[in-house]
Amino acid sequence: METWAVDLADVGAVYPWQGAEVIMVIVGVVFWLWWHVAQVKGENEEYKADLEKYGSDEQIKKALDTHY
Amino acid sequence: MGNNLDALTTVFTEFYYWVTVVFMFLIHVGFCMYEVGASRWRNHLHTLMKNTMLIPLVTITFYFFGWWIYWALPNGPGITGPILWDMGAANTPWSPNMATHLGDRITGVFWAAFLLFSWTAASIVSGSVIERIRSSAFWIHAVLIGSVFWIIDAAWGWHYGGWMVQILGYHDAYASGVIHAIAGGYALGILVVLGPRIGKFAADGTPRDILPHNPWLVTIGLFLIYTGFWGFYAACNVPIIAPSGIDGLITGETWTATNIYLGPTTLGAITFNFLMSLSGGLLMAYVVSKGDPFWTYSGGLAGIITASAGNDLYHPIQAMIIGGIGAYLAFKLHYFVERKFKIDDAVGAVAVHGYAGFIGLVICGFVLWGYPSSPYDGYATVNPLGQFLGAIIMFFVLGFLPAFIVSKIMAGAGVLRIPREVELMGLDFKTLEESEESRENFRQAEKALV
């Protein structure tokens, strides 16, 4: 948009980069799928670290006593 | 907008749906409180994030493809016609209508109203699987129920041209089936594969109570869900439309509110019936649960859900009785299924949403038998068989079955359930330990200053 000196009845879409919608959708979908991949990696690392640091029987018993 | 009356109608409709969205946000606040309160302290932060993060995931996927499904698939496809490419085109993520568009004030708010239903569907599932599902697995399920399966059922049975409405006479004005039965069925499909929380059942199969860490939070959460439910009900209506806009069999010039099928109703009618079905559910649940707060509140919800299919047309006393029946059966069925099949539904979601929604559809078929399902010519009228088949489609075909299959695949790949040791120590153990260490460090630092 360059000016609001218009009849609004003639105005439709006003967002920038009109004509590039499909590209924006592709970027959005890639971002969505990337998030799942990154989240799964982070979750696996979190469980691994938790088990290494706290996974002994004593620690688990302590956890049940402390934070039930 | 052709003239001032058209402009007023459009702006009113835009604002109406916008307000429903704000109200419906409270449903999600309520679900989060309810679910966090029902979890044990050692899991409460992960439980909160599991539910919270379904919001962005379902939102973006509902934008990418969910909304298109609703407009493109009312015919099945292949049951009453092909994919409606033209109807779907304006609702693709690359359509100008799905963006900042001064000539289209309705698509954004109507999309958002449906989106909030999507969150609700996913959130119903979320509560039942707490404390042992991997968040990553749940979030994939959330996208599937929130942006795929529920919206397929909406295209089929909650669209003025849906094939289930045309052929079966399916009537489900406030979503007993299209949200609640499907979400309950979906939750059950996961639970069967996921299994119970460690320790839920004794060696002889007797179920143990795993108590909520904060019952007060649970009940306030349910209270907030009631509040948001008002927005849900309003969002299921078209607020104002002329008979010429419906273009069906209604004669005369009287403008009206309609249900999603464009059949006439009023906000007054659904206000009577919402409150009376809530009351029927609360009264019955209080008695049958012997005053248990969790089940009394849940019974109120089950009451509304059971009556919702026909709450656009019922008499308020019918709504009350139906609500009471739903609450009674939801309570009894929850414990029957728990004992018999060892299903650990942590918040009773399968019963309150799934069984109550299913039962509500069937009851609606009898009470509204012979009523028109639509203002359009040639549609089947409401009938018990159509409603029963509709309930099967919602609960089993689009709910239970896909959840079961996807969960089986996830379980086979070892990505459905958290490791046993993590489940025992609690998902939040590391965070809680580090918090305690930080507190202790600071306490020691302060003591050193004295």
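Among contacts in chain B between residues at least 6 apart in sequence, what percentage join residues at least 24 apart? The figure is 76%. Keep in mind that this is a predicted model.

I'll stay with chain B and begin with the overall picture. Its secondary structure comes to 17 helices and three strands. Along the principal axes, the C-alpha atoms fill a box of roughly 80 × 45 × 45 Å. As for burial, 53% of the 450 residues of chain B count as buried.

Next, one helix pair. Helix α14 of chain B, residues 349-367, packs against helix α15 of chain B, residues 384-412, with the axes 7 Å apart and an angle of about 165°. Angles over 145 degrees count as roughly antiparallel, so that is what α14(B) is to α15(B). The crossing is right-handed. On the α14(B) side the contact includes G354(B), F358(B) and L361(B), and on the α15(B) side it includes P384(B), G386(B) and F395(B). By class, the residues of this contact are nine nonpolar, five polar and no charged.

Last, the interface with chain A. Here 27 residues of chain B are in contact with 26 residues of chain A. On the chain B side, α3 (54-72), α6 (135-157), α16 (420-425) and α17 (429-449) each supply at least two residues. The largest share, four residues, comes from α16(B). This side of chain B divides into 15 nonpolar, seven polar and five charged residues.

Conventions: Residues are numbered from 1 along each chain as its sequence is written. Chains are lettered from A and ligands numbered from 1 in the order in which they are written. This is a predicted model: local features need pLDDT of at least 70, side-chain atom pairs count only at pLDDT 80 or more; totals for chains, interfaces and linings use all residues. Axes are lines fitted to C-alpha atoms, for helices over the stretch in contact, and angles run from 0 to 180 degrees between N-to-C directions. Angles under 35 degrees count as roughly parallel, over 145 as roughly antiparallel, 65 to 115 as roughly perpendicular and the rest as oblique. A crossing is left-handed if the near helix is turned anticlockwise from the far one by less than a right angle, and right-handed if clockwise. Two residues are in contact if their C-beta atoms, placed from the backbone, lie within 7 Å. Ala, Val, Leu, Ile, Met, Phe, Trp, Tyr, Cys and Pro count as nonpolar, Asp, Glu, Lys and Arg as charged, and the others, Gly among them, as polar. A residue is buried if 20 or more other C-beta atoms lie within 10 Å of its own, exposed if 12 or fewer, and partly exposed in between; C-beta atoms are placed from the backbone.
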